[in-house]
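A short report follows the display.

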Amino acid sequence: MKNWLRLALLTAFYGALFLVFTWPLAAHFTSEFLVVPGHDSYTYPWNVWHFRTAVQTGQPIFHTDWLFYPGGAWLLLHTYTPILGLIGLLVGNDLLAVNLGLLLSYALSGAGAYLLARRWLQSPLLSLLAGFIFAYSPYKLQRLPEHYNLVLTATVPFYVLAFLQAFAFEERKFLPRVRSWGAVAGCVALGFITLLSDYYVLFGLLYFSLAYAAWYWLALGRIRWGALRTWAWLGGILVVSHVLIRLLRRWGVDDHGAFWWGGDLVSFLLPPPTSRFVYWNWAARLYHNPQVFNMPGSLENTLFIGYALPLLAIGLWLLRRVHRRPLSAVAQDAQGRPLAWVLIFFAMLTVPALRIYGHDRLHLPTALLHFIPFFNNIRCPTRWIMMVGLFLPILTFSALEAAWPARLHATARTALGLVLVGLVLFEYWPRPYDRSSRAAVPRVFHEVARMPGKTLIPVPLGASSGNRLLGQMKATSLFYQTVHHKKMPIGYLSRVSDEQFAALQNDPVLGGVLRRQIKPDTVAPAPPGPGQVQAFLRQYDPAAFVISPEFREQPAHLFLRQLLQPYGYREQLVDGYVLLTPPGQ
């Protein structure tokens, strides 16, 4: 079969699974998208809309004044997903672009993992299952309706394939020999596409490259695990790293919250709440237990890869130790041998400290990365379970094929493979996802879209980043902006400067609203004078002020009413929202 035809069939197969898992989204592919109500999901249609709008109007792509108006903000460190924006340019529909991007990412993730697995696996069925585990792991299915950027993993297995084709490493030599410059170009191209997708996934490619090369740099394949000296060295490294990391934490060296976000070993046994069949009552209680997790109920606690696959891996390892079965195809291949070390490396990254039921027992050497500037921007270690989901099935299934007795009939092997497929499907199958659409946008914002004026001033006011929250910032506000097309002084981005928070707080009008919103029961400072109000109205040219139902007749609303009445502002109620509009509208 030609390579392009095989890739097309694999992509269609894994893409069909996406349509099944997200049904009935396929019936509304151009008008709806997956959400976790009130969470980050709503920012991704905004990303596509902003990218497309910026390109079509000749505005900067990586800077916006649609949020934090008038100063604006940079989007370079925001989870901007420009790859979805490029799709939006092609299809001209923001929600269709989001859905197509997710579909293609899941489909190509599976297809690429299948092709990578087939380098060593003889069984097409086990290769298909390896592709499924990487593409549809619980980590990715849980993030599918919320963190779109983290599931854009289509480039990962293709990068590994290109990397193996591009370089030949030798022990104790730092620079590898280039086997194919075309493959090197492929690595660069895939890295660039990943840069346009997500920086966590991009770091996954970088860490893979470094871990793979370290196998040769440190001659890890020559370690004699049966020697007492080896275990003495390993114990010494663990003790020194543990003490050093404890000292660094005590001295206040910034780890960007990596240990706070770090995984607990019980998380490997904890199914996520998106699992339809294995999220049992005990799992729900544990998932929301504040004695175990610093952030109970957070999807960042998920390290679940299933029960069947890890148990099979442990059983095959024990079998190998006891009966000395033949080496797997991966272990016999010079390019495949480093993969076991790469798997261990990524597994260690998920838990910077061996935390057991909420208590840190041992700091691992890999945690030193969290004290290195630039690298410590990767502050959620549990997300590296994504890479475990690529390498664990390949290594396990290769060991399974080596452990199968030669006399075992092909039909029996297929039957055992189907049993394994059934178990994994049972563990991974997701619950139905929530969806949203532009039809769900409150009518008041459709009204604002028809009004002249430059900005919309919403109440509640707020500014939010990955590190700080001021006031109350609803992620839905970004999605609503794709309907009303008015600039806003508020914002929700991955990184927001202190100056932008200060600008919102120090503005005479907006700061007055914010103070009354945050502390409605305290004595408020004097309102701004007429000159300050007039300057504000000239600068912002508001089309309207919209007060959410929960703030109606509250101090922030009453403050605005009193402030704007002298200027002829008219107040009306639209489905529970208060709409304040300038005279003449």
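The report covers a helix pair, then a sheet.

## About the model

This is a predicted model: local features need pLDDT of at least 70, side-chain atom pairs count only at pLDDT 80 or more, and totals for chains, interfaces and linings use all residues. Residues are numbered from 1 along each chain as its sequence is written, and side-chain values use heavy atoms, without hydrogens and water.

## Two packed helices

Two packed helices are described by the angle between their axes and the distance between the axes. Helix α5 spans residues 124–135 and helix α17 spans residues 410–428. Helices (H or I, at least four residues) and strands (E, at least two) are DSSP runs, numbered from the N terminus. The axes of α5 and α17 lie 10 Å apart, at an angle of about 15°. Axes are lines fitted to C-alpha atoms, for helices over the stretch in contact, and angles run from 0 to 180 degrees between N-to-C directions. α5 and α17 are therefore roughly parallel (angles under 35 degrees).

Which residues of α5 meet α17? They are Leu-125, Leu-126, Leu-129, Phe-132 and Ile-133. Contact means heavy atoms within 4.5 Å.

## A four-strand sheet

An open sheet has four strands in the order β9-β13-β15-β14, with mixed pairing. Two strands pair if DSSP finds at least two bridges between them. β9 (455–459) and β14 (570–574) stand at the edges, each with a single partner strand, so one side of each has no neighbour in the sheet. From one strand to the next, the twist averages 20°.

β13 (residues 542–547) and β15 (residues 577–581) pair in the antiparallel sense over three bridges. Val-546 has Leu-579 in β15 as its bridge partner. Helix α23 (residues 555–564) packs on the sheet and touches β9, β13, β14 and β15.

How values were computed. Angles under 35 degrees count as roughly parallel, over 145 as roughly antiparallel, 65 to 115 as roughly perpendicular and the rest as oblique.
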